[in-house]
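Open the structure in your viewer and keep the selection tool ready. We will take one stop at a time.

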Amino acid sequence: MGWLFYTDRRVQTYADEKAEIARLCSFETDTRKTELVKACKVGSTWYAAARITNLDGTPVEDATYVTDPDGSITFGAVFLTRYDDGCWGYKDMEESAGPVESRAPLSLLNLLSGLKDSDSYAQAWRQRCRDWAAIPDYEEGDKIKLAAPVTLTDGSTCQIVTATQYRRGRQKRRCYRIEETGGLVRLSKASLAGSALLSSAKGASSPVLAEFLAGRD
């Protein structure tokens with residue numbers, strides 16, 4: 001399915017978007033009802049968990065999902081969204097259709113029904129979401145060894161870094177101090193996959209913070 005844009009511009013805010021995702025996930029046929037259970041926005045992408053129940057109370061039978069004890073099934077959906085000239089648009093995919101965006105939070109994944117095929121697109125998508133969630137969120141002063149050296153724009157590489165931050169206007173931005181050179185570098189979250197914590201800022205004073213404070217004395 002391609003992109004669908006709302007030219008009437010009725011969707012303008014976060015609340016508008018969430019309400020529209022809920023509407024898109026809520027519908028009823030002569031035999032079944034689908035309703036939104038949870039929706040989360042990560043970046044410009046909405047992730048949704050939607051539950052299907054039979055109106056006559058019988059268990060839902062499905063080739064992809066294991067029926068839950070209450071007779072329903074709950075599946076995951078991904079909504080890519082963007083604004084084009086002020087008009088909000090979306091492109092939706094069910095998890096078994098093989099969506100690329102895979103940053104759904106664990107709280108949403110835990111609501112989904114089991115899968116019958118362990119090698120399915122949906123299973124691979126869920127695992128990518130879990131892998132993303134497993135990437136550590138390091139604290140100021142944490143010393144880290146990356147899973148593999150990262151090549152920088154000047155051609156040099158770095159693998160051991162310390163989490164720190166810098167100010168840009170009123171905002172604080174996360175960056176990392178390179179062990180070998182002392183230079184600062186921005187790293188994407190994806191580049192932290194498989195990294196290891198060498199020393200924690202919780203157990204001792206942050207060397208970055210200590211250096212900063214020493215410079216103020």
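**Two domains.** Start by colouring residues 4–134 and 142–215: the domain assignment calls them domain 1 and domain 2. The model you are looking at is predicted. How far apart are the centres of domain 1 and domain 2? Over C-alpha atoms, the separation is 36 Å.

**The six-stranded sheet.** Find the open sheet that runs S1-S6-S5-S4-S3-S2. Its six strands pair in the antiparallel sense. Strands of a sheet pair through backbone hydrogen bonds, either parallel or antiparallel. Which strands are at the edges? Select 4–5 for S1 and 27–28 for S2: each of these pairs on one side only. Go to S2 and look across to strand S3, residues 32–42. Two bridges hold this antiparallel pairing. Pick Glu-28, and you will find its bridge partner, Lys-33, in S3.

**The largest core.** Next, show side chains. The largest nonpolar core has 19 residues. Select Ile-21, Cys-25, Ala-48, Phe-75, Phe-79 and Trp-88, which touch the most other members. In soluble globular proteins, nonpolar side chains tend to be buried together.

Stay with Ala-48 and look past its neighbours within four places in sequence. Its contacts there include Ile-21, Cys-25, Leu-36, Phe-75, Phe-79 and Leu-108. Lys-38 and Gly-76 are also among them.

**Aromatic rings.** Select the aromatic side chains. How many aromatic pairs are there? The count comes to seven. Zoom in on Tyr-14 and Trp-46. Their ring centres are 5.3 Å apart and their planes meet at 35°, so this pair is tilted. Tyr-14 sits in helix H1 (residues 14–24) and Trp-46 in strand S4, 32 residues apart. Is Tyr-14 buried, partly exposed or exposed? Its relative accessibility is 48%, so Tyr-14 counts as partly exposed. Trp-46 has 0%, so Trp-46 counts as buried.

Now try Tyr-47 and Trp-125, another tilted pair. Here the centres are 6.3 Å apart, with 35° between the planes. Why does this pair tie together parts that are 78 residues apart in sequence? Because Tyr-47 lies in strand S4 while Trp-125 lies in helix H3 (residues 121–133). Tyr-47 has a relative accessible area of 0%, so Tyr-47 is buried. Trp-125 is also at 0% and counts as buried.

Select Tyr-6, Phe-79, Trp-88 and Tyr-90 together. These four form one aromatic cluster. You have met Phe-79 and Trp-88 already, in the largest nonpolar core.

**Charges over rings.** Pick Arg-82 and Trp-3. The charged end of Arg-82 sits over the ring of Trp-3, 4.1 Å from the ring centre. Then pick Arg-103 and Trp-132. The charged end of Arg-103 sits over the Trp-132 ring, 3.9 Å from its centre.

**The five-stranded sheet.** For the last stop, find the open sheet ordered S10-S9-S8-S7-S11. Its five strands pair antiparallel. Strand S10 (184–185) and strand S11 (196–199) are the edges, each pairing on one side only. Further in, select strand S7 (residues 143–151) and strand S8 (residues 157–168). Five bridges join these antiparallel strands. Finish on Lys-143, which stands opposite Thr-162 in S8.

Definitions and conventions. Residues numbered from 1 in each chain as written. Predicted model: local features only at pLDDT ≥ 70, side-chain atom pairs only at ≥ 80, totals over all residues. Heavy atoms only, no water. Core = buried A, V, L, I, M, F, W, Y, C linked by side-chain atoms within 4.5 Å. Buried < 20%, exposed > 50% of the residue type's maximum accessible area, 1.4 Å probe, protein only. Contact = heavy atoms within 4.5 Å. Pairing = 2+ DSSP bridges. Helix = DSSP H or I, 4+ residues; strand = E, 2+ residues; numbered from the N terminus. Domains from an automatic or database assignment. Phe/Tyr/Trp six-rings, centres within 6.5 Å; stacked < 30°, edge-to-face > 60°. Lys NZ or Arg CZ within 6 Å of the ring centre and 35° of its normal.
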